[in-house]
Amino acid sequence: MSVGQRSTLRQRLFAFLVAGLGGLAAAAASFAMTVYEASNSRPTPTVAAGEPIDTGRWVITFRGARTGSVPPTGTEPSQPKTFLMVEFDLDNRSAATSNAFASMFDIDPPITDVQAPAFYLARDKWIASGVHPGIPEHMIAAWEWPKAQPLPQDLRLVVGSQIYKRRDNLYGGSGWFDRDPVAIVALPVKTEMVVGPGQ
Amino acid sequence: MRTGLKETGAIIFAAAILYAMQRTTPLYSNITSPVSIAGEQGKRTDARAFALAVGDVHLARTVRIERFGQTRTYTTSGVWVLVEAAAEAKRESLTLTSAEWLGPSGLRYSLSQRISTMPAMLPAERLEPGLPKPVLMAFEVPENELAGGTVLVAPSAFTPLGEEVRVAITELAVGDIPGAVTIRRSDGPMPWTLETE
Amino acid sequence: MAEAISRAERRRYWLSLAGLGFALPVAVLVHSWESLEAWRSGSDRDPIAVDRGESQRYAGAEWRLTTLSRLPGGSADEAVVLAEFEARIEDPGLLAESPCAVVLTDAEGRRWLPAFLTRPVVRKMQPEAADKPRCGGLAFQGAGTHGTARMAETFVIPATASGLALSVTLANARPRHLLFR
């Protein structure tokens, strides 16, 4: 073995060592950070009604919650039903019309036999479609409340958040991606008097 | 010493190239974005699969639609933009399901779903080859996104490398927005009439 | 540092490089084979020309175009084309699972898809055709196992279109399709 060959071998070994140690250090740092974040998780802030919540894609301001037998369309269903309605203002902060607000908040803790809410535009008394950027809207989410479930006195909602990625990790496409919840909202539920038909 | 300098130079050079490549890589949405065909307001624009001509664009605070003797009022928190146009399929029958108002700041406003039940609305009209059809588009746009807007029309919003006609809206009276526009069905050459108040 | 590279090594290097030139296209082809096959069978490339009034065996049935008539459209530029055709069913199983696509073509190669709703003019002038089902599973089921399915489709075309032909494609039988002239 010549002297030159031995030196290249040593150089290679050194390079391997540096790369290996660097990789190990990176993995250890990432692991430590994850563990630290998990053990020192910041509690999700509780936000009162009327305060705007920045979820990244949307700015949402809850106004209040109530129960009633008439959905926001104003037409009473043929069979008596109970609705839990949450009113809020919604501002689309993204660059395009979107109807992706439906999964932005949820009842906390989740109730299994309650179906996903329907969303209505308050000024139109009609089912909401996309909300346009720069045009804030007053909206109503209505859950059809099952008879077997007691109506809540206080409603806790957990509000999720989304961030915009110019390039996602999988395809390199641009889009909005779910992140951790940013707020818990506690709303007292106003109960509507049970009224008979024709009143 | 000299080799050390050379190596440092090579590393810096490589880093610069990698950085430049990273900065200039087109986004996935750019690579798959529709092929756009620019058109002018008032003139026919021909894509491969369809042709479109955008005529008058009307603004209004509220829209009233008269159907079957009833009048429904549609409000908006922005401004209603009603686009009168004609569209025609060229090779095969198709429906143009996607239309957007592109504001001057780059914000995109999809067709309003509120008055989509009105006949002659673009996404509801089946276009046949050789038969140009009058069509209406309705958008809800905030006032500051009106001047300098562009109408984008495509057969579908999700087809990568599909065709998209872009018509810059040059004739638009932004200063004087009427309170209400009434749309009525008509049996004349156009299937609707627009009446501004 | 610079040592003589042996001739054998040099040859291996060039052989590998040349091999890459062969292996890469093969890899691309192997990967896209299924898509190519799907594209090939999805396109209607292989027409079976059938003359007016004659019948032709296709996709488990015996097909015949009974009428292809022009009716007045909503305006002077427009015409409504009514196509009535029938299928004497031989293999109900083969037919039932196959979606049916009907297209009207003209001499310029333009293609019209059938109208969703039967035009009022058809109901007025050809009421029995207006009640016929459109091409598809329902029509075949209605005909029974060895009956004849009578179907009708309407098209809205410009009055100037000429050289009309009706193309009937059943998904199972692709890329072969019927072309009634």
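Before starting, keep in mind that the model is predicted, with local features needing pLDDT of at least 70, side-chain atom pairs counting only at pLDDT 80 or more, and totals for chains, interfaces and linings using all residues. Residues are numbered from 1 along each chain as its sequence is written, while chains are lettered from A and ligands numbered from 1 in the order in which they are written.

**Exercise 1. Describe the side of chain B that touches chain A.**

Step one: count the residues. On chain B, 16 residues are in contact with 19 residues of chain A, where contact means that C-beta atoms, placed from the backbone, lie within 7 Å.

Step two: look for the elements involved. Both α2 (28-31) and β9 (108-110) of chain B supply at least two residues each to this side, and β9(B) gives the most, with three residues. Helices (H or I, at least four residues) and strands (E, at least two) are DSSP runs, numbered from the N terminus.

**Exercise 2. Work out the strand order of the open four-stranded sheet in chain B, and explain what sets its edges apart.**

Step one: the order is β5-β4-β14-β15, with mixed pairing. Strands pair if DSSP finds at least two bridges between them.

Step two: at the edges stand β5 (70-74) and β15 (192-196) of chain B; each has a single partner strand, so one side of each is left without a neighbour in the sheet.

Step three: zoom in on one pair. Strand β4 (residues 62-67) of chain B runs antiparallel to β5(B), with five bridges, and B:V63 has B:Y74 in β5(B) as its bridge partner.

**Exercise 3. Compare the radius of gyration of chain C with that of a compact globule.**

Step one: apply the globule rule, 2.2 Å times the number of residues to the power 0.38, with the radius taken over C-alpha atoms.

The C-alpha trace of chain C spans about 95 × 45 × 25 Å along its principal axes.

Step three: finish with the inventory, which for chain C is five helices and nine strands.

Technical notes: Two residues are in contact if their C-beta atoms, placed from the backbone, lie within 7 Å.
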